[in-house]
Amino acid sequence: MKAPADPLASFRSGKYPDRTKRAYDEINQHYADFGSQVAGWWIAVRLSDGGSDGKLYRDKVTATRFQLHERQCAYICLPPFGEMAIGEIHQYLTVNERLYDQGARLSDAGTHIVPRSM
């Protein structure tokens with residue numbers, strides 16, 4: 001029987017850019033600090049470096065309002081049980097960046113990108 005693949009192997013090998021790793025760490029830090037209570041809360045992740053202001057927001061509109069420039073961030077609704085894989089985060093940041101580059105605006109409360117559906 002083959003051993004299961006290490007889900008963090010790509011993370012450790014450097015396959016993902018630093019901004020993806022930082023965003024992954026930011027998300028996991030919220031779960032480490034508050035547990036599953038953060039599910040449904042929003043964070044703003046900077047597209048430039050994957051960092052965050054470290055704050056949790058009740059909704060996407062509020063998260064957007066507290067950023068200096070709306071299009072410098074991707075807005076992530078924290079899923080239950082911290083189940084956001086690093087590959088999903090990478091894809092989500094990339095798609096947000098591409099949409100912003102094409103002039104899209106993703107800050108309204110009804111605009112969501114579901115990473116698993118891409």
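In this predicted model, the Ser52 side chain comes to 3.3 Å from the backbone oxygen of Ala44, and it also reaches the backbone nitrogen of Gly54 at 3.0 Å. Ser52 sits in the loop between strand E1 (42-46) and helix H3 (60-65). With a relative accessible area of 12%, Ser52 is buried, where buried means under 20% relative accessible area (1.4 Å probe, protein chains only). Leaving aside residues up to four places away in sequence, Ser52 touches Glu26, Ala44 and Arg46; touching, or contact, means heavy atoms within 4.5 Å.

A word on the ground rules. Residues are numbered from 1 along each chain as its sequence is written. Local features need pLDDT of at least 70, side-chain atom pairs count only at pLDDT 80 or more, totals for chains, interfaces and linings use all residues, and side-chain values use heavy atoms, with hydrogens and water left out.

Stepping back, the protein chain has four helices and two strands, which run α-α-β-α-β-α along the sequence. These elements are DSSP runs numbered from the N terminus, with helices (H or I) of at least four residues and strands (E) of at least two. Of the 118 residues in the protein chain, 40% are buried. Among contacts with a separation of 6 or more, 62% join residues 24 or more positions apart. The accessible surface is about 7100 Å², and carbon and sulfur atoms hold 53% of that; the areas come from the Shrake-Rupley method with a 1.4 Å probe.

Then there is helix H4 (residues 86-101), whose 16 residues span 23 Å from first C-alpha to last, close to the expected 22 Å (1.5 Å times one less than the number of residues). Its buried residues include Ile86, Ile89, Tyr92, Leu93 and Tyr100. After H4 comes Gly103, with a positive phi near 95°.

H4 also has a partner: helix H2 (residues 18-34) packs against H4 at about 115°, with the axes 9 Å apart. On the H2 side, the contact involves Arg19, Thr20, Lys21, Ala23, Tyr24 and Ile27, while H4 brings Ile86, Ile89, His90, Leu93, Thr94 and Glu97. Axes here are lines fitted to C-alpha atoms, for helices over the stretch in contact, and angles run from 0 to 180 degrees between N-to-C directions.

Notes: Buried < 20%, exposed > 50% of the residue type's maximum accessible area, 1.4 Å probe, protein only. Polar contact = N/O pair within 3.5 Å; in protein donor to acceptor, adjacent residues only side chain to side chain.
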